[in-house]
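Good morning, and thank you for joining this meeting.

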Amino acid sequence: MAATIPLWKKNLYICCIASFIVSIGMSQMAPILPLYIAELGVDNPADVARWSGIVFGCNFISLAIFSPIWGRLSDRWGRKPMILRASGWLGLIMIGMGFAQSVWHLVALRLLQGCLSGFQAAVIPLLAQETPKDRSGWAMGMFFTAQVSGGLMGPIFGGWLSEIIGFRNSFLLIGSCCLLGFLALTQLSETRQPAGEKTVAGELPSFRELPQYNIILGVFLTTVLLHFSLSCAAPILTVYVQEIAGNVEHLAIISGAIFSATGLASMIFASKLGRLADRIGSARILFSCLLLSGLVSIPQGMVTAPWQLGVLRFFHGIAIAGLMPSTNNLIRQLTPPALMGRIFGINQSAQFIGMFTGGFLGGQLAASIGIRNLFLLVAALLLCNALWCRFFICSRQK
């Protein structure tokens, strides 16, 4: 008789599939958004660029505000209802974007997407509470691999779809796929009963009363710096490639390949580093990957050829593959089960704050201090974070 798949693995596989679909839906609009905005009647190229930034960035603001709220509600009423609400809502929003008649409609839909989403704030606590402790690092790595894979495929898939079936039909198809992910998530099994309003309000400790309160705050800061370091390079990467390569042909393809090198490395190494974290501890992986990310950021500001930057971005991706699952696993270890949704929600807010500030400030800093010095600044921040991790987390983790 065939062996029965353990319940926690079934949940993991379902969440990975759904996360892959959701990540494709979230990232597929990147290459087509300016073109769709132009189709909606914005003619001036400067206005198209301005509106693209507003439409793309406003989602992160509302996500940062509302993720802790949905995380708190997942503690109270259960993870599965919040997962279904977030995934179903994303599908409806994507379909709604296919019917937008003006750029203001896109802004409103993206704001609502962030207000009523919070997919990760519910999925990660469910995986954390259902997965055995000695396999949680591997599980977080697998989930991150699914996210990165979807994020890598999304822009390619979105661009291809838009040429085949048009912008509006692309959003309709992606929304329909997200709703299929919603149907898959109905098969999740949550063994832990939600705390309920009375228990959460009256018996659980507040965040400030947690024994490892200061360490958890440090993990939040690590999340901000990690996503800041990734996002600040994104707006200026193509400009940097042109600066070091000159008037090279196929600039967009070369820049896209360099940009994708980070995600490719993360996709390959995330589950491997997660499995290693189960053996030697997430704190050690966190320190090692912070150190690696800081060290490889230094020569990124000194390269003289695009291939050198691509190799360094690949190694940066290996570091990222260990950082994100490790931060999630550390939060799981330091947080009482009934507060996981709230704490993971705050950590997700930290993620979106890092993404928003990195994307917004990256171009400004590059203009002020130069692109090469921007990489050195990022390196200094990451290396300081690594030292903090070494003395305040690793020394306290057995």
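How do the residues lining the second largest cavity divide into nonpolar, polar and charged? They divide into 6 nonpolar, 4 polar and no charged; Ala, Val, Leu, Ile, Met, Phe, Trp, Tyr, Cys and Pro count as nonpolar, Asp, Glu, Lys and Arg as charged, and the others, Gly among them, as polar.

The model is predicted, so local features need pLDDT of at least 70 and side-chain atom pairs pLDDT 80 or more, while totals for chains, interfaces and linings use all residues. Residues are numbered from 1 along each chain as its sequence is written, and side-chain values use heavy atoms, with hydrogens and water left out.

The search of the whole structure finds 2 cavities of 30 Å³ or more. A cavity is a set of points on a 1 Å grid over the protein atoms alone where a 1.4 Å probe fits but cannot get out, and its lining residues have an atom within 4 Å of a point. A volume is the space filled by probe spheres set on the points, which are joined across faces, edges and corners.

The second largest cavity holds about 40 Å³ of space. Among its lining residues are Gly137, Leu273, Ile285 and Pro325.

Turning to the largest cavity, its space is about 160 Å³. Its lining has 17 residues, with Gln120, Ile124, Asn328, Asn347 and Gln351 nearest the centre. By class, 8 are nonpolar, 9 are polar and none is charged. Domain 1 (1–189) and domain 2 (210–397) each give at least three residues to this lining; these bounds come from an automatic or database domain assignment.

Definitions and conventions:
1 Å grid on protein atoms, 1.4 Å probe; cavity = no way out; pocket = protein on both sides within 12 Å on 5 of 7 lines; lining within 4 Å.
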